[in-house]
Amino acid sequence: MLEFVRRNRVLLSSGFFLLCSLGLLSANARQPGRIDPLGHVFLELMSPFQRLTAGIGGVTRGLFDRYIFLVGTEAENARLKARIRDLEQRGTHQSETELMNRRLKRLLALERKLPTTAVAATVTARDASVWFQSLTLDKGEVDGIRVGMPVIAPEGVVGLISSTSLHASRVLLLTDPNSGIDVLVQRTRVRGILSGLLEHGTTLKYVKRNDDVQVGDRIIASGLDGVFPKGLPVGRVTSVSRKDRGLFLYAEVTPQADASRLEEVLVAFPSGEALRKPAVATDAAASGPPDPAALGLYGPPAPAARGAKRSAGR
Amino acid sequence: MSLLQTSHAPAPSIGAELRTAGFYALAGALALLLQTTVLHGLTDGRIIPDLVLILCVYLGLYEHNIGGATGAFLFGYLLDSFSGSVVGLHAFAMTVVYLVVYLVSRRLWMDNTVSGVVMVFFGSLLKGVAIVAALAAYLAIDRMSLGVAQALLAEALLAAALTPLVFGALGWAKRLTGGN
């Protein structure tokens, strides 16, 4: 018996781990929450290194883009090179600062107009595989971030917080095949569930074949899932197909917020629940309800519900 | 031509085993770090070379023990922590890849770079199939198009192309840390 176990130890241990992973899969498919005993430990351990690597990566990319390819020019004209480098450094720094300033201003404007308080976070890493869509943020539980909180950008809905550690958190993007949010077609108020696709992009589900949905229609959050404030822009319909059979039509939607280019986002607290209420948000709260038109919101804002829960669609 | 591989190597000491475990843990963390940051930026996230998969194939080829299987499972679990929302999906896929590579390498002589490249290519395809199968079985993912197959093939080719580099680096680092 012992000899059998010793000879087949790799097969037996592989079988054991296959059963473990299938058990994890089954448990996660059945439960609405995420069953992940070690995930937050990995997230917390890797987060500082990811931040560091992302920073080094940016600097290296900048060096390659701006200096390494100018080696020939340097050889030809050393005097001019020093000046060009100096000017480029200044110019790059200036335009980078200007761009960041513009992005942060837009975030601030969004934060002021939200019906609840929010915390700004920086994107430090992206999903580890091409199959799924998620981001890692530099804010975690110590900043008040909890699983299920909505993540938004000035352009619109980004996704939901799917897991957290003390100083980092992960966002499940709305383009992930496992995400789903309750949405409305703005023009016709037709309801549906927006869900991600394995091959990137999103699709509008559970809309009846004869409902009025057209290419170019704007999709907004319905607010009925109790997570995203009503009226937040989500995306635009880019194709609609009605097959000969079946109850529902198939519509592809391009998200308004391009997650691949996001650098800063807002994580919104459920109303009344803010660990560190920012001053600007306090001012905004005192000045009355948000103005959807100024914000780019479509439709009247609804009060954000407590206890953000995972959206439908699964 | 295939040769039956037989080995009767003496059992390694606990110190050597710990060194090997630490080496693979560092390699896995570095691979994940690159996958989630630098490599993502190079391709805009459309195709990411799966370095963790290459590590799993390496384990399947050279680590025929319980540690190898555990490593593959943990690498998959690590990926699950930084990818998607379904815990266990990559753990399952990586364990399947490890098991198949282990079974193949027990029957065929696999101690050269070309066979490593081939194994990584098929391992990547196998991982894709395992993920899609698990998604279909557990989460009823509908509408799979040609785009999925194209992404799968591109990912496999990219991983295979990087194999000599990664295997070379692993071999070099292993020799440096005193591994066999």
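**Close-up views of a predicted two-chain model**

View 1. In β4(A), A:Gly156 is the bridge partner of A:Ala153. Strands β3 (residues 150-153) and β4 (residues 156-164) of chain A are antiparallel and share four bridges; pairing here requires that DSSP find at least two bridges between two strands. Helices (H or I, at least four residues) and strands (E, at least two) are DSSP runs, numbered from the N terminus. This is a predicted model, where local features need pLDDT of at least 70, side-chain atom pairs count only at pLDDT 80 or more, and totals for chains, interfaces and linings use all residues. Residues are numbered from 1 along each chain as its sequence is written, chains are lettered from A and ligands numbered from 1 in the order in which they are written, and side-chain values use heavy atoms, with hydrogens and water left out.

View 2. Follow the strands of chain A in the order β1-β2-β5-β4-β3-β12 and you trace a closed, antiparallel barrel of six. On average, neighbours in this sheet are turned by 45° against each other, direction ignored. Helix α5 (residues 78-113) of chain A lies across β1 (118-126), β3 and β12 (264-268), and runs at about 15° to β12(A). Axes are lines fitted to C-alpha atoms, for helices over the stretch in contact (heavy atoms within 4.5 Å), and angles run from 0 to 180 degrees between N-to-C directions.

View 3. Look for β9 (residues 218-221) and β10 (residues 233-241) of chain A, antiparallel and joined by three bridges; A:Pro233 in β10(A) is the bridge partner of A:Ile220.

View 4. The side chains of A:Asp212 and A:Arg187 meet at 3.0 Å, N to O, in a salt bridge (a side-chain nitrogen of Lys or Arg within 4 Å of a carboxyl oxygen of Asp or Glu). A:Asp212 sits in the loop between β8 (202-205) and β9 of chain A and A:Arg187 in the loop between β6 (180-185) and β7 (191-196) of chain A, so the pair ties together parts 25 residues apart in sequence. Over all chains, the structure holds twelve salt bridges.

**View 5. Where chain A meets chain B.** The contact takes 56 residues from chain A and 59 residues from chain B. Between them the chains bury about 5,100 Å², 68% of it on carbon and sulfur atoms; buried area is the accessible area (1.4 Å probe) that two parts lose on being put together, summed over both. In chain A, A:Leu25, A:Ala128 and A:Trp131 lose the most area to chain B, together 14% of what that side buries. The count of salt bridges between chain A and chain B is zero.
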